[in-house]
2 protein chains.
Amino acid sequence: MATIRDVSAAAGVSPTTVSRVMNDLDSEHVAVETRARVLEAAERLGYRPSAAARALVGGRTRTIALLSSPVVYTTWFAIVVEETQKILDGHGYHLLLVPGGHEGELRELLRERRVDAAIWARYPVERATDLADAIVAPHQRIAAVGSIHASPSPGCCVAWWDDAAGTRQAVDHLAALGHDRIAYLPGPSTALALWPNMLAAFECSCDAHAVRHMVVHADAEQPSFAAGVQMALRALEATPRPTALFARNDDFALGVLSGLAQAGVAVPGEISVIGYNDAPVAAYTHPPLTTVHAPIAEATRALVEDLVQALDDDTDDGTPPVSQHFLTRLVVRDSTGPPPVQQRRRSSCAEVSR
Amino acid sequence: MATIRDVSAAAGVSPTTVSRVMNDLDSEHVAVETRARVLEAAERLGYRPSAAARALVGGRTRTIALLSSPVVYTTWFAIVVEETQKILDGHGYHLLLVPGGHEGELRELLRERRVDAAIWARYPVERATDLADAIVAPHQRIAAVGSIHASPSPGCCVAWWDDAAGTRQAVDHLAALGHDRIAYLPGPSTALALWPNMLAAFECSCDAHAVRHMVVHADAEQPSFAAGVQMALRALEATPRPTALFARNDDFALGVLSGLAQAGVAVPGEISVIGYNDAPVAAYTHPPLTTVHAPIAEATRALVEDLVQALDDDTDDGTPPVSQHFLTRLVVRDSTGPPPVQQRRRSSCAEVSR
DNA sequence: TTGTAGGCGTTATCAA
DNA sequence: TTGATAACGCCTACAA
């Protein structure tokens, strides 16, 4: 591979001049003919500056790490990746994908100065702050996207929405339809700890509507769809049987629909199902899935846009993190409806059975 | 950030010794107590070697680029990413994700020596060979995964399967059920050029079974599910109406099922649907989707495993690329069945109408 | 067993 | 408008 020296020799100038031309810097201070000669030589030799050498002297890699969701490649993460990708590409940055469950690797990447920034896109979002001490260069940044539980600014720039609010929207919808026995399907029991605010909001909101509620788990270590099927079947066995199921994400919900179909239970005739996230597939399930739209794409775009802006802005390296808030909203499709009349009647005179 | 010099000073040794200890090289040639002193100093100072400096002197980045599918984050690519991720991580490599449609960027990454290898995971797989001239370092590699149309070894290591064979499995299945009017749903018409062998195999195989066939397209520039819906509705309008639909991938097939449900057409009662790839979701659609299993995960694993092996093997840099072949197989679920009797009868006396 | 010196390819500083 | 020189942080002959 040709180096800058080869080019300078071929063009009869110094490496400095070549560097100037290649970086389009001090362009006024370079004679047009010299410039042309350099470009010609570079082209002829197929010269490309070494990223490693540049990073060594410049301290920046123009690479950003993104921490993926653990184990399963969930739909919501696919959205984050796709949106991040688009924006980074528009600004000449590269995307390094770090497998979920390997947060330690993320720290290494920062400390080895292999990346300029890290984006935390998994739960709990608050833990992004743990990365703070992995920052070793003045321009390095940390950002996070997702729903946060507590304070709106956990020490780094966060694009967030409120899963508690989204949960309330779901429960409000079901309560308004007349449901009075709702099950929350959070996945494996270990997941509860990751979404404490969803559970709290669910219970609190159900209580406010005087709606009876329960939680149905899945076994750990299985794909989302399978977990959904399992939770659906378990919910059917509960007594009294819930009239509506609230799945923590649309992947689960899709499995739930499959499980109910398999059991011969009509949706929404016998049981209503509501999902969470509004994944692209939600509009194409059978029946189309009522769900809560989480502003994943919007939030990701805003976050990454801000991030690259901050990285490219040399004037201010200590900018305080500005967090942005986005809203969830209910998307009503066909998987929810009023509970069956028979159920409604029975419910009112079997209050004790719980 | 502490440098190797800081550590050497703190430990009272030379940078060379620190390097030796950190890289665990010549470990026998380092006194145990010196070693301990160095490690202690490194730990205390929070020392991490600079990736840029290492890359500059060593010529390797331990990073691999993966070219994603264009525009849409399709299911099959999610599988490729996930499997690649797992293997790379086990070998201390990092994954750089390049957006589809930006093949030029892939070349830049290689030429700037920002990555040690590039994995081509989009169609047409043959075009991976175009990257050959972007290789500038002796150890750099190119690999590809997917279905290839022509020769089994297009100049780089390829883990492949045969979409033509898979297509034949689909058509054979439908023909055996008694279908005699099958539509192929390849997506937008621009996609036909990317999968010429599937179309050819489809037509050829239908002819062999004396089955009438047609092709139904979708408009370009829309998400997969929407395209599936559109193709389904268009297929319903065709005269004579096909009794079975073969979708080029399961994302389309999912949309097709949604479109048919929306139109009130029973599957497989009135129309059979068969997909391609055996995406994880295929077992959870309504009805569960009959599809052709493409060995995406298996092939990806094998490819990446070989790739890192080759990269880490200093002894031989000119190893000839060894391509591996994997088999597709039919997965029968509930979306296919015999054509409706009425249709079957009409078909035999309306041969001319086409 | 340890240290010294040189170089990897680039950019930045300063001088011409 | 151009060029010499000195880093950037590490590794690797070679020498001690």
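Strand 2 of chain A runs antiparallel to strand 2 (residues 94-98) of chain B, and three bridges hold the pairing on record. Within this pairing, Leu96(A) sits across from Leu96(B). The model is a predicted one, so to speak of contacts here is to speak of computed ones.The contact between the two chains draws 38 residues from chain A and 37 residues from chain B. On the chain A side, helix 4 (51-58), helix 5 (75-90), strand 2 (94-98) and helix 10 (250-263) each put in two or more residues. Sorted by class, that side of chain A comes to 24 nonpolar, seven polar and seven charged residues.

Turning to DNA strand D, 25 residues surround it, and the closest are Thr34(A), Thr3(B), Ile4(B), Ser19(B) and Ala53(B). Helix 4 of chain B gives the most, with five residues. By class, the surface near DNA strand D has twelve nonpolar, eleven polar and two charged residues.

Buried residues in helix 9 of chain B include Phe225(B), Val229(B), Met231(B) and Ala235(B). The buried residues of this helix pack against strand 6 (181-188), strand 7 (212-218), strand 8 (244-247) and helix 10 (250-262) of chain B.

Note on methods
Residues numbered from 1 in each chain as written. Chains lettered and ligands numbered in written order. Predicted model: local features only at pLDDT ≥ 70, side-chain atom pairs only at ≥ 80, totals over all residues. Contact = placed C-beta atoms within 7 Å. Helix = DSSP H or I, 4+ residues; strand = E, 2+ residues; numbered from the N terminus. Nonpolar A, V, L, I, M, F, W, Y, C, P; charged D, E, K, R; others polar. Pairing = 2+ DSSP bridges. Buried ≥ 20, exposed ≤ 12 C-beta atoms within 10 Å, placed from the backbone. Near = placed C-beta within 6 Å.
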